[in-house]
Every structure is written in C-alpha cells, then in structure tokens.
Amino acid sequence: MAFKKKPVQRKKRFTTGIREQSQCRFCREKIDYIDYKDIPTLQKLLTNRGKIFSRKRSGNCASCQRKVKFAIKRARFMGLLPYSL
Amino acid sequence: MGTIGKRVYEALFLVDTAIAAADWDGTIKLIETVLSRGDAEILSIRKWDERKLAYDIDGKGRGTYILAYFRMETQKVTVVERAIRLSEKIMRVMILRTDRMTQADMDKPTPIVLAEMQPAGTEGVPAGIAPSEPAVPAAPSPN
C-alpha cells in the first residue's frame, strides 16, 4: 500500500509588519568613527541616570558598542556628559 | 629607532568661560604657545562651544571649548601635555590622533555656529538633559 505524501504545510510566521533590524544603527549608516563630541548621538545611548545602555537595549553590535563606550568615556572626561546623575 | 614623522592631531581644550570671555585673544595665544612647545604646525583653531558642564570642574559650572587641529611629531605630544598640565587656565584637554581627518571634516560647523544659524526659539535640547521621547525603543520582553 502506497502512502500519499501530504503536501508540506509551512507554518505561517507571525509577522508584525515591522522588520527586525539586522544591523546596528552605526553599521547601517556605515559610520566608521564615533565622535566623542557628537553629544546628541551619545545622549541617546545613555539612561536618565547617565549609564550606558546595554547592547541588548541599544541594539549595537559588539564593535560599535566598544566604540560608543570609548566615545562616552572621553565625553565624560571633558565634562560633556555626566558620570552619574 | 626610526622616526615616525608628523601626524595630525585633534585637541579639545576646556577653559573657564570667564577667562575666555574677558581675553579671547590671550586665550588663543596661550593655546598657540603651548602647542609651539611641541613645534606644532597649527592647521585650525576655533571656538567649539560654550556650555554648562555636566559636572563641576575646578569649581566651575560653565566652560568654553576650543578645538584645534595641528600637525606635530609623535614624540612631542608628551611635552605638550606636560605644558598643558602646568597651565592654570586650561582645565582639561583631550588630544587624539586624527590621521583620516580631511579638511572638510575640520571645517565642519561647530555647535556654536549651528546654534547661531538656527532661528531664535528653535534651539535644540541642551546637553545633559534627556530628550522627552525615549531615544531607544523599548526592547521586547523575553517571554
């Protein structure tokens, strides 16, 4: 007795309409150097208390997160950003 | 030991607003004197911004930032840094190597120029104050 193969039904994925970002914000814009003087950009990566957002929260890749870290620390030294609030 | 030669550096100087406002030419001359200790060839020097500091430095709440680009020998950087440390008028300095910097990058408008270009009443949020709307979208819950 031959079994008829059932057509494979692919599971319909739940789509919200918003495509998940595959790259971090700096990689998308091909930013090579994160300037410590660019305060509006760095401000977006800090909490209200002046702490750096985690990679999970900011969506940065490891390399860019490292660049952000150095930029924020330089800005803090120069008094452009707070160490803590 | 081989010589590395000259490199382009970027330096951001932080000086007291009162001193800078009282004697701007003297402040610029002081920075030029400090850089001349390292035989620096100054490419550009201008006011970057004048703003409230994120925290008090040397008991001062406001500061004037001066941005300078110069070409200098690598070994002379320590000489300049020592001269800056001895200067009482310069509160902080950040000297970084900027080899990839082009003339267009150096001539980019500074925040103070951008603020002057903007019409009155539409100035951006000052530094140190968080924007009203969340800049980073909230991460989805792990569940």
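Colleague: In what order do the elements of chain A run from the N terminus on?

Modeller: This is a predicted model. The elements of chain A run α-α-α-α from the N terminus on. That comes to four helices and zero strands.

Colleague: What is the mean pLDDT of chain A, and where is confidence lowest and highest?

Modeller: Read the chain average before the elements. The mean pLDDT of chain A is 85, with 84% of its residues at 70 or more. Confidence is lowest in helix α1 (residues 25-28) of chain A, where the mean is 89. Helix α4 (residues 62-77) of chain A has the highest, at 94.

Colleague: How many of the 85 residues of chain A count as buried, as a percentage?

Modeller: Burial is a count of neighbours: a residue is buried if 20 or more other C-beta atoms lie within 10 Å of its own. In chain A, 25% of the 85 residues count as buried. As for contacts in chain A with a separation of 6 or more, 69% are between residues 24 or more positions apart.

Colleague: Take Arg55(A). Is Arg55(A) buried or partly exposed?

Modeller: Residues with a count between the buried and exposed cut-offs are partly exposed, and the exposed cut-off is 12 or fewer. Arg55(A) has 15 other C-beta atoms within 10 Å, so Arg55(A) is partly exposed. Its place is in helix α3 of chain A.

Colleague: Which residues is Arg55(A) in contact with, leaving aside neighbours within four places in sequence?

Modeller: Arg55(A) is in contact with Asn60(A) and Gln65(A). Another distance to check is to Leu45(A), 10 residues apart from Arg55(A) along the chain: their C-alpha atoms are separated by 9.7 Å.

Colleague: How many residues of chain A are in contact with chain B?

Modeller: Count each side separately. On the chain A side there are 16 residues, in contact with 15 residues of chain B. The most comes from α3(A), with three residues. By class, the chain A side has eight nonpolar, three polar and five charged residues.

Colleague: Which strands does β1(B) pair with, and in what sense?

Modeller: β1(B) pairs with β3 (residues 60-73) of chain B in the antiparallel sense over 11 bridges. Within that pairing, Val15(B) has Thr64(B) as its bridge partner in β3(B). β1(B) also pairs with β4 (residues 90-97) of chain B, in the antiparallel sense over seven bridges. There, the partner of Tyr9(B) in β4(B) is Arg97(B).

Key
Residues are numbered from 1 along each chain as its sequence is written. Chains are lettered from A and ligands numbered from 1 in the order in which they are written. This is a predicted model: local features need pLDDT of at least 70, side-chain atom pairs count only at pLDDT 80 or more; totals for chains, interfaces and linings use all residues. pLDDT is the predictor's confidence in each residue, from 0 to 100. Helices (H or I, at least four residues) and strands (E, at least two) are DSSP runs, numbered from the N terminus. Two residues are in contact if their C-beta atoms, placed from the backbone, lie within 7 Å. Ala, Val, Leu, Ile, Met, Phe, Trp, Tyr, Cys and Pro count as nonpolar, Asp, Glu, Lys and Arg as charged, and the others, Gly among them, as polar. Two strands pair if DSSP finds at least two bridges between them.
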